Amino acid sequence: MRRAMAEAEVGDDVYAEDPTVLELQERVAAMFGHEAALFTPTGSMANVLAVAALVGPGQEVLCEARAHILRAELGAHGALTGITSRTWSDEHGQVDLEAVEGMYAPDMGPFFVRTTAVSVENTHNFAGGTVLPIGDLQRLRSWADTTDCAVHVDGARIWNAHVATGVAFEDYGSIADTLAVCLSKGLGAPVGSLMIGSAEQVAEARVRRKRMGGGMRQVGVLAAAGLHALEHNLDRLAEDHEHARLLAQACGADPNLTETNIVVVDVPDAAAVVAAAREEGVLVGAVGPTKVRMLTHLDVSRPEVEQAAKVLGKIVGG
Ligand SMILES: Cc1ncc(COP(=O)(O)O)c(C=O)c1O
């Protein structure tokens with residue numbers, strides 16, 4: 001990856017003249033069967049640009065209560081693009097179409113906030129890397145097609161969903177008006193995400209990205225890392241999933257509920273578990289006072305996972 005970065009051909013991407021960025025954007029848009037894509041420094045920015053393409057100031061997006069766009073982007077969507085939101089709750093981060101139908105508010109005149117998009121997260125981070133079944137997504141799409149409501153997919157880890165289920169990227173793309181995907185998570189690129197949509201949406205997002213200070217210059221060095229990641233690090237995500245199941249088992253969680261590379265376990269005191277694990281060289285994170293989250297990725301080898309499982313088994317597994 002470092003060699004690919006060093007050898008990348010570059011140009012000025014603010015003028016859309018960086019050939020490596022253009023190649024990455026074209027490749028990723030085509031993978032998902034969409035017209036265009038835009039390289040962004042982060043998944044958060046890709047989400048903000050995508051949701052802003054669908055939801056205007058004062059309008060609303062519906063999403064699951066622990067969605068990353070609401071909980072973990074520091075309020076960017078409200079603060080930067082003026083949108084509002086309402087949520088449904090599902091323990092496993094799944095789509096609740098009945099709740100969506102109940103909440104959906106079309107243009108109802110001069111009082112009510114208008115719903116213009118539903119956002120779903122696949123895989124769902126804080127629910128523990130859960131996969132959204134393609135059937136549920138297709139039902140959401142079919143419903144959306146009967147309304148003026150668009151669908152955004154926060155697919156930061158859609159690669160993991162694909163590897164876990166075998167569902168084609170095009171099928172995931174076909175249920176979405178816009179997507180955000182990250183190269184910098186399990187795929188192992190140092191930086192980089194993409195907002196995906198129609199040519200018009202992406203042209204608009206390019207303007208917003210610049211306005212937000214996200215116009216980058218000779219950034220082909222980073223796009224090259226993304227291209228390398230897509231070519232070399234996709235299939236190996238299955239190993240991360242197996243490693244996550246080992247961790248789940250060690251922590252007394254049901255490994256069958258661990259579908260991808262994230263494990264979230266309930267503990268009495270998350271901060272204490274994080275500190276105790278760190279003492280023994282294992283890094284895990286607290287995602288609530290009683291919830292600890294663990295992730296596996298390409299920089300954690302099998303022996304390291306086995307060691308982490310031993311340590312976490314002692315601390316969490318009892
Ligand atoms: C589901 C999801 N969406 C978006 C993001 C944002 O990505 P970034 O950290 O690159 O802003 C994350 C980050 O963890 C995520 O888990």
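I began with Ala16, which lies in the loop between helix H1 (2-6) and helix H2 (19-31). Helices (H or I, at least four residues) and strands (E, at least two) are DSSP runs, numbered from the N terminus.

The model is predicted, so I noted the limits: local features need pLDDT of at least 70, side-chain atom pairs count only at pLDDT 80 or more, and totals for chains, interfaces and linings use all residues. Residues are numbered from 1 along each chain as its sequence is written, and side-chain values use heavy atoms, with hydrogens and water left out.

**Backbone entries**

I looked up phi of Ala16 and found a positive value, near 55°, in a residue other than glycine. Ala16 is partly exposed, at 30% relative accessible area (buried means under 20%, exposed over 50%, partly exposed in between, with a 1.4 Å probe and protein chains only).

I then went to Leu74, in the loop between helix H4 (68-71) and helix H5 (76-81). Leu74 is not a glycine either, yet its phi is positive, about 55°.

I checked the peptide bond from Asn122 to Thr123 and recorded it as cis, with omega near 0°. Thr123 sits in the loop between E4 and helix H7 (134-144).

**Surface entry**

I found a nonpolar surface patch formed by Met108, Phe111 and Phe112, with about 400 Å² of accessible area together. Patches are made of residues with over 30% relative accessible area and no salt bridge; like charges are joined within 9 Å, nonpolar side chains (Val, Leu, Ile, Met, Phe, Trp, Tyr) within 5 Å. A salt bridge is a side-chain nitrogen of Lys or Arg within 4 Å of a carboxyl oxygen of Asp or Glu. Areas come from the Shrake-Rupley method with a 1.4 Å probe; for residues, only the protein chains shown count as cover. I placed Met108 in the loop between helix H6 (97-103) and strand E4 (115-121), and Met108 is partly exposed at 42%.

**Ligand entries**

A backbone N or O atom of Gly43 lies 2.8 Å from one. A polar side-chain atom of Asn125 is 2.7 Å from a ligand oxygen, and for a polar side-chain atom of Arg157 I noted 2.7 Å. The ligand taken alone exposes 390 Å², of which the protein buries 83%.

Notes
Polar contact = N/O pair within 3.5 Å; in protein donor to acceptor, adjacent residues only side chain to side chain.
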